[in-house]
Amino acid sequence: MDMQDSNRLSVATAARLMGASEQFIRVGLQQKELPFGFAIKMSGQWTYVITKQKFEEHTGIKVKEG
């Protein structure tokens, strides 16, 4: 994992930490309703970026390392 990846959360991790479904996270990012990340559609496929810092700031949920 490179340095950029170490600051990112997967959709699955964000969903687990929030007690939400992965679909909830994906749709929330696509619709710009969740302010801790973004979704970009490229070639018909969505890519999601969630940063640990923004996730913690907006949810108040601490992300444990490792």
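Trainee: Which residues of helix α2 are buried?
Mentor: In α2, which spans residues 11–18, the buried residues are Val11, Ala14 and Ala15, where buried means under 20% relative accessible area, with a 1.4 Å probe and protein chains only. They lie on the same side of α2, because they cover an arc of only 100 degrees around the axis, the arc being that of the directions from the helix axis to the C-beta atoms. Helices here are DSSP runs of H or I with at least four residues, and strands are runs of E with at least two, numbered from the N terminus. Please keep in mind that this is a predicted model, in which local features need pLDDT of at least 70, side-chain atom pairs count only at pLDDT 80 or more, and totals for chains, interfaces and linings use all residues. Residues are numbered from 1 along each chain as its sequence is written, and side-chain values use heavy atoms, with hydrogens and water left out.

Trainee: And what covers those buried residues of α2?
Mentor: The cover includes β1 (8–9), α3 (22–30), β3 (45–51) and α4 (52–59), counting contact as heavy atoms within 4.5 Å.

Trainee: Switching to the sheet, what is the order of the strands?
Mentor: The order is β1-β3-β2 in an open sheet of three strands with antiparallel pairing, and two strands pair if DSSP finds at least two bridges between them. β1 and β2 (37–42) each have a single partner strand, so one side of each is left without a neighbour in the sheet.

Trainee: Which residue of β3 stands opposite Leu9?
Mentor: That is Ile50.

Note on methods
Buried < 20%, exposed > 50% of the residue type's maximum accessible area, 1.4 Å probe, protein only.
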